[in-house]
Amino acid sequence: MTARARDLGLGAALLAIAAFFGHGALGMRYFTSIGPGPGFFPRWLALLLALLGAATLLRALLPRAGAGEPPPEELPGAAGALRVLAMLGAVAFVALAMERIGFAPAMLVASLATMAALGLRDMRVVLPVSLAASFGAHLVFARWLGVPLPAGWLGY
Amino acid sequence: MDSLWLLAGGFATALQPANLAFAFAGCLMGTLIGVLPGIGPAAGTAMLIPLAGALDPTGAIIMLAAIYYGAMYGGTITSVLANTPGEAASAVTCIDGYAMARTGRAGPALAIAAIGSFVGGIVATIGLVLVALPLTRLALGFGPPEVFALLAVGLAMVTALASRSAIRALVAAVLGMLVAQVGIDPVMGTARFTFGRSELYEGVSIIAVVMGLFGLGEVLSNVERRAAPMSAPAIGSLWLTRRDARDSAGAVARGTFIGFFLGLVPGLGSMVPTFLSYAVEKKLSPTPERFGTGMIQGVAGPETANNAYANAALIPLFTLGIPSSPTIAVLMGAFMVNGLVPGPTLFTEHATFAWAVIASLIVGNAMLLVLNLPLVPLWVSLLRIPYPVLACVVVAFCVIGVYSVNNSAFDVWVMLLFGVVGYAFRKLDLPVAPMVLTLVLAPLMERTLRQSLEMSGGDMSIFLERPLSASLLAAAIGVLVLSALSFLRAVRADSEV
């Protein structure tokens, strides 16, 4: 990814976000009899973000865009992207399952899957860490410290 | 004199066995968080908020504050031994600290970092004791225009110094303010950008955003790169030579001064004091060309400034209710979880609590000095943990921390979303800290702006008619102008957060 491509993408994304918030703010009262209304602040912020998005786009379109800047971060390769997706999938699974089957079982499944996806296969490490991060964490936080965590199978 | 009596009362509370244990546990956990790569102080403090909810408020805040400044010291250990800053503010310590370690002088580098951190922390806390009551009295006289103008100064500082590019910092700041628009509007009670979800009526959970941006976002970056376990060189003797002590004394004094005064400025972030201190030491040295080869001043100055800043940054929180960094914003959240509102009323309505926490800062800094040096081999052994193990543990703590604030799986989804945002910010070269700070400050900024305009019937000149708000706004503009000058540009070039 070049600095120019990065900034073109960023500028376009900022304009889209500004349009979303600006459109929403237009449906709110801008000023009331007692002063600024709920639409006042978001409208100005959306305008400012649109200006910043336009400035980012314009800078990216200049002939010497990105010259003298450090190289941008590379996009992930296939293996790196898969590891990132596995991590996101694990958290999404916990968010989806924790109130249905309990925190500890959901976290146990997510931990086992994550460590496998990240290349750690030694069960002498994987199993105790997964149990500690799930049932162990539930025991310490929910049972001993009284932190509310959803319980499922066997009270975990 | 009042302050000293109140501080004595604070010590009576802070020295109770339970509170000493909380400070001790906080120092240990903070150092651990600072040592482990991929868990910065903001995410680390946020992860442990559930613990705070289970304790009494004084003990909880004493522990979280100790985690905060413990993490600041812990970051030094990996900077010196593995050339990897455990947290962002220690990045500059890598330069001369790691060079010292490679020549067999890791021990003196860690020792001077601990001593400097202790001196900086203690002096900044004494400063907090001295200015707390006068600043609180001043803050109680602030009207909405003054508060708005003060927040504008913070925003200007963030914009000027949080990134190489002022535009990129401003983008992050405005995005944070827009995220803060989600929820019930603070004056008329209209629902804004809530998509009909009742979970969003009180706004987006700040803890979920911090965990996403700093915790999960960092984990995603690390798993993409497949972070490898680190190895560390031998530590050697921890004793300083007479020459080391002589060379470091001035740097420690200057670092204390820089860290303390920059800690008073809302919104500055923790990297600027350390980089500024390094720049000053290099400038004042008769042999600037030897910086980077293991000059002890290059460790003593920034590490002292780091801890002086960390403690002084509590002053705007305690007296004005304004967080100076994402980690302080998390601490502010912890205050609120415990039913305490940081700001001028803290010293009137919860004086015992406030002075106990201040006294605990002195106790905790002393603990860190005594504790950490003998435990360095233990911390080093933690660097060998495989990253997948660390990633699993971090995710488990993040989920527990986020869920427990509102008992809501919805907040875990919010964390996931902001994890992706944090990962994208790193790819897009956008600084993360301004987003968190403006997310926290925007509701107060909007409320004071709207109250000011209600007072004036919509006339913006109210900000210029009041001397203090006019001066503060002039200062904000001055900061933005100064940011274009080379001096600040040199500092911010390396201060990517």
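**Note on the A/B interface and the aromatic pairs of chain B**

1. About 5,500 Å² is buried between chain B and chain A, and carbon and sulfur atoms give 81% of that area. On the chain B side, Leu178(B), Phe193(B) and Lys427(B) lose the most area to chain A, together 11% of what that side buries. Keep in mind that this is a predicted model.

2. The contact involves 61 residues of chain B and 63 residues of chain A. Two salt bridges are found across the interface. Asp429(B) forms a salt bridge with Arg6(A); their closest N and O atoms are 4.0 Å apart. Six residue pairs are in polar contact across the interface of chain B and chain A.

3. Several helices of chain B each supply at least two residues of the side that touches chain A, among them helix 9 (166-179), helix 10 (206-225) and helix 19 (409-427). Helix 18 of chain B gives the largest share, twelve residues. By type, the chain B side divides into 41 nonpolar, seven polar and 13 charged residues.

4. Now the rings. Over all chains, the structure holds 16 aromatic pairs. Phe257(B) and Phe261(B) have ring centres 4.8 Å apart and planes at 55 degrees, so this pair is tilted. Both residues sit in helix 11 (residues 242-263) of chain B, four residues apart, about one turn of the helix. Phe257(B) is exposed, at 55% relative accessibility. Phe261(B) is partly exposed, at 43%.

5. Phe261(B) also pairs with Phe260(B): the centres are 5.2 Å apart and the planes at 85 degrees, so the pair is edge-to-face. Phe260(B) is buried, at 12% relative accessible area.

6. Ring pairs also link Phe318(B), Phe335(B), Phe347(B), Phe353(B) and Trp355(B) into a cluster.

Notes: Residues are numbered from 1 along each chain as its sequence is written. Chains are lettered from A and ligands numbered from 1 in the order in which they are written. This is a predicted model: local features need pLDDT of at least 70, side-chain atom pairs count only at pLDDT 80 or more; totals for chains, interfaces and linings use all residues. Side-chain values use heavy atoms; hydrogens and water are left out. Rings of Phe, Tyr and Trp (its six-membered ring) pair if their centres lie within 6.5 Å; planes under 30 degrees apart count as stacked, over 60 as edge-to-face and the rest as tilted. Buried means under 20% relative accessible area, exposed over 50%, partly exposed in between (1.4 Å probe, protein chains only). Contact means heavy atoms within 4.5 Å. Buried area is the accessible area (1.4 Å probe) that two parts lose on being put together, summed over both. A salt bridge is a side-chain nitrogen of Lys or Arg within 4 Å of a carboxyl oxygen of Asp or Glu. A polar contact is a pair of N or O atoms within 3.5 Å; within protein, one must be able to donate a hydrogen and the other to accept it, and residues adjacent in sequence count only if both atoms are side-chain atoms. Ala, Val, Leu, Ile, Met, Phe, Trp, Tyr, Cys and Pro count as nonpolar, Asp, Glu, Lys and Arg as charged, and the others, Gly among them, as polar.
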